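Dear colleague,

Please find the structure we spoke of below, together with its sequence. I would be glad if you could read the notes with the model open beside you.

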Amino acid sequence: MNLPTEPAHDAVKIGIVSISDRASSGVYVDKGLPALQDWLTRALKNPLQFEPRLIPDEQATISQTLIELVDAGCALVLTTGGTGPAPRDVTPEATLAVADKLMPGFGEQMRAISLNFVPTAILSRQVAVIRGQTLIINLPGQPKSIQETLEGVRDATGQSVVAGIFAAVPYCIDLIGGPYLETDDAVCKAFRPKSAIRAPAAA
């Protein structure tokens with residue numbers, strides 16, 4: 001009798017939140033959610049369940065949405081939009097309001113990456129926090145910038161020059177008790193200490 005085998009990869013629930021007054025009211029088509037879902041689908045080998053949300057730049061609404069996604073069991077929540085200095089840009093404030101712990105390195109690295117492309121990267125205010133067993137990260141609003149910050153900077157041969165922030169996401173989620181995320185190295189090579197690397201599951 002054959003015993004059932006464990007699945008090769010942990011299932012992962014991910015919240016993706018696009019924050020835009022105009023897109024949420026139908027003035028234009030949102031590009032943030034498709035960009036996030038496309039990149040994550042390419043980067044991760046895990047079975048993924050997405051929880052997408054398209055909401056306006058309202059601080060209370062953003063905070064409540066983040067809480068709902070954490071309570072729904074999302075191991076990772078990524079937001080896009082609302083991180084600049086404009087009066088309606090309140091995503092960082094809404095994110096900090098629900099935080100148990102701050103993870104400032106993510107924001108620092110995103111700005112370091114974006115400065116390779118535009119000097120206005122210093123105006124970005126993205127933050128990352130932990131709430132419960134969920135990692136929440138604010139990303140830029142443009143699909144091109146989303147990919148750049150997640151993947152990092154590559155040279156003409158495709159070699160990584162500046163690491164993207166997602167390389168550190170799987171180990172961070174390990175440390176807070178979440179599922180084991182496994183990446184496609186061709187898109188983004190995750191880093192873990194040798195002691196934290198899980199042996200491949202039996203076929």
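The notes below go through salt bridges, an aromatic pair, one arginine and a surface patch.

Please bear in mind that this is a predicted model, in which local features need pLDDT of at least 70 and side-chain atom pairs count only at pLDDT 80 or more, while totals for chains, interfaces and linings use all residues. Residues are numbered from 1 along each chain as its sequence is written, and side-chain values use heavy atoms, with hydrogens and water left out.

Salt bridges

Side chains of opposite charge can pair when their charged atoms come close. Searching the whole structure gives ten salt bridges, a salt bridge being a side-chain nitrogen of Lys or Arg within 4 Å of a carboxyl oxygen of Asp or Glu. One of them joins the side chains of Glu-148 and Lys-144, at 2.4 Å from N to O. These two residues are separated by about one helical turn, because they are four residues apart in helix α6 (residues 143-151); helices (H or I, at least four residues) and strands (E, at least two) are DSSP runs, numbered from the N terminus. Glu-148 is buried, with a relative accessible area of 12%, whereas Lys-144 is exposed, at 57%; here buried means under 20% relative accessible area, exposed over 50%, and partly exposed in between, with a 1.4 Å probe and protein chains only.

Another salt bridge brings together the side chains of Glu-51 and Arg-53, at 3.4 Å from N to O. Glu-51 is buried, with a relative accessible area of 18%, and Arg-53 is partly exposed, at 26%. The side chains of Lys-189 and Asp-185 also meet in a salt bridge, at 3.5 Å from N to O, with Lys-189 exposed at 55% relative accessibility and Asp-185 partly exposed at 45%. Asp-21, Glu-58 and Arg-88, for their part, are linked in a network of salt bridges.

The aromatic pair

One aromatic pair is found in a search of the whole structure. Trp-39 and Phe-166 form this pair, which is edge-to-face, with 5.1 Å centre to centre and 75 degrees between the planes. The pair links distant parts of the chain, since Trp-39 is in helix α2 (residues 32-43) and Phe-166 is in the loop between β8 (160-163) and α7, 127 residues apart. Both Trp-39 and Phe-166 are buried. For the terms, rings of Phe, Tyr and Trp (its six-membered ring) pair if their centres lie within 6.5 Å, and planes under 30 degrees apart count as stacked, over 60 as edge-to-face and the rest as tilted.

Arg-192

Where does Arg-192 lie? Arg-192 is placed in the segment after α7 (169-175), and is buried, with a relative accessible area of 10%. Its side chain and that of Asp-174 are joined by a polar contact of 2.6 Å, and the side chain of Arg-192 also reaches the backbone oxygen of Leu-181 at 2.9 Å. A polar contact is a pair of N or O atoms within 3.5 Å; within protein, one must be able to donate a hydrogen and the other to accept it, and residues adjacent in sequence count only if both atoms are side-chain atoms. Leaving aside neighbours within four places in sequence, Arg-192 is in contact (heavy atoms within 4.5 Å) with residues including Pro-170, Tyr-171, Tyr-180 and Ile-197.

The surface patch

Ile-122 lies in the loop between α5 (104-114) and β5 (128-131) and counts as exposed, at 60% relative accessibility. Together with Leu-115 and Leu-123, Ile-122 forms a nonpolar patch on the surface, with about 290 Å² of accessible area in all. Patches are made of residues with over 30% relative accessible area and no salt bridge, like charges being joined within 9 Å and nonpolar side chains (Val, Leu, Ile, Met, Phe, Trp, Tyr) within 5 Å. Accessible areas come from the Shrake-Rupley method with a 1.4 Å probe, and for residues only the protein chains shown count as cover.
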